[in-house]
Amino acid sequence: MNYIFPPVQPASLAIHQSAQRFAVRRVYCVGRNYADHAREMGSDPTREPPFFFCKASDADSIITVPAGQVGQMPYPSQTQNLHFETELVVAIGQAGVNIRRDDAAAHIFGYAIGFDMTRRDLQNDMKQGGKPWEVSKAFDHAAPIGTLYPKTAVPDINNATITLDVNGELRQSGNVSQMIWQIDEVIANLSTYFTLQPGDLIFTGTPAGVGAVQVGDQLHAQIDGLGSLDVKIV
């Protein structure tokens, strides 16, 4: 292939106890998938069907943080209100479209911890103007993600606890079972809009307790069975 410039290498995630890596294709996100978080953002969680948005999937946008290390996220431009959102990330390993809920698990490769970092002031401006969210969600370094664990290594993910400490202070605490739309429902619904492919990631929503961080803050997230994700804002 005769490109006018070399194509960008894809972002990739470390896989637990494997020398192979998971090449990222697309990054989808589910909005307001925990009732308490939906309420803290001013929405009624009992009346909304699932909705989706995307984050950038290139290596400039995804910060891959191996287990036991502390990743560094530069504080982004054009915001005074950078928020964390701790999320379970589902990695797709088998293609599918119009996937039945009962078949969704067969399309999952594994799981990881991720931060859906958000320029909240820009998001609020976009919401008020009825405009797209990309500037608030798809900026450089906006998606730190930890080590990817194959699904066979995490048999009880649907009851996993999610926590986040900022500088040692507990800020978020929830459980995957509290999702409004469970993992299989998310996959089934998303696949009616897009053909899912190996390499796709799905951020599945965040529990309540989101908030702002500043330069120097350190985030420490844990999800049962997935180790931890540690990121410092620089």
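Good morning. What we have is a predicted model, in which local features need pLDDT of at least 70 and side-chain atom pairs count only at pLDDT 80 or more, while totals for chains, interfaces and linings use all residues. Residues are numbered from 1 along each chain as its sequence is written, and side-chain values use heavy atoms, with hydrogens and water left out.

I begin with helix 4. Helices (H or I, at least four residues) and strands (E, at least two) are DSSP runs, numbered from the N terminus. Helix 4 covers residues 183-190, and six of its eight residues are buried, so the rest of the structure largely encloses it. Here buried means under 20% relative accessible area, exposed over 50%, and partly exposed in between, with a 1.4 Å probe and protein chains only. The buried residues of helix 4 are I183, E185, V186, I187, A188 and L190. What covers them? The cover includes strand 3 (27-30), strand 4 (52-55), strand 8 (86-92), strand 9 (108-115) and strand 15 (201-203), with contact taken as heavy atoms within 4.5 Å.

Next, the cysteines. A disulfide is a pair of cysteine sulfur atoms within 2.5 Å, and a search of the whole structure finds zero of them. C29 counts as buried, at 0% relative accessibility, whereas C54 counts as partly exposed, at 37%.

Two loop residues also deserve attention. Q17 is not a glycine, yet has a positive phi of about 60°. Q17 sits in the loop between strand 1 (12-14) and strand 2 (21-23), and with 76% relative accessibility it counts as exposed. R32, likewise not a glycine, has a positive phi of about 50° and lies in the loop between strand 3 and helix 1 (35-40).

On a 1 Å grid over the protein atoms alone, a cavity is a set of points where a 1.4 Å probe fits but cannot get out, and lining residues have an atom within 4 Å of a point. Grid points are joined across faces, edges and corners, and a volume is the space filled by probe spheres set on the points. The structure holds three cavities of 30 Å³ or more.

Finally, the strands. Two strands pair if DSSP finds at least two bridges between them. Strand 18 (residues 228-233) pairs in the parallel sense with strand 6 (residues 70-73) over four bridges, and G71 has V231 as its bridge partner. Strand 17 (residues 218-223) runs antiparallel to strand 18, joined by five bridges, with Q222 opposite S228. Strands 17 and 18 form a hairpin with four residues between them, and G225 in the turn has a positive phi of about 85°.

Elsewhere, an open sheet of three strands has the order 10-7-16, with antiparallel pairing. Strand 10 (118-119) and strand 16 (211-212) stand at the edges, each with a single partner strand, so one side of each has no neighbour in the sheet. Strand 7 (residues 82-84) pairs with strand 10 over two bridges, and H83 stands opposite T118. Thank you.

Conventions
1 Å grid on protein atoms, 1.4 Å probe; cavity = no way out; pocket = protein on both sides within 12 Å on 5 of 7 lines; lining within 4 Å.
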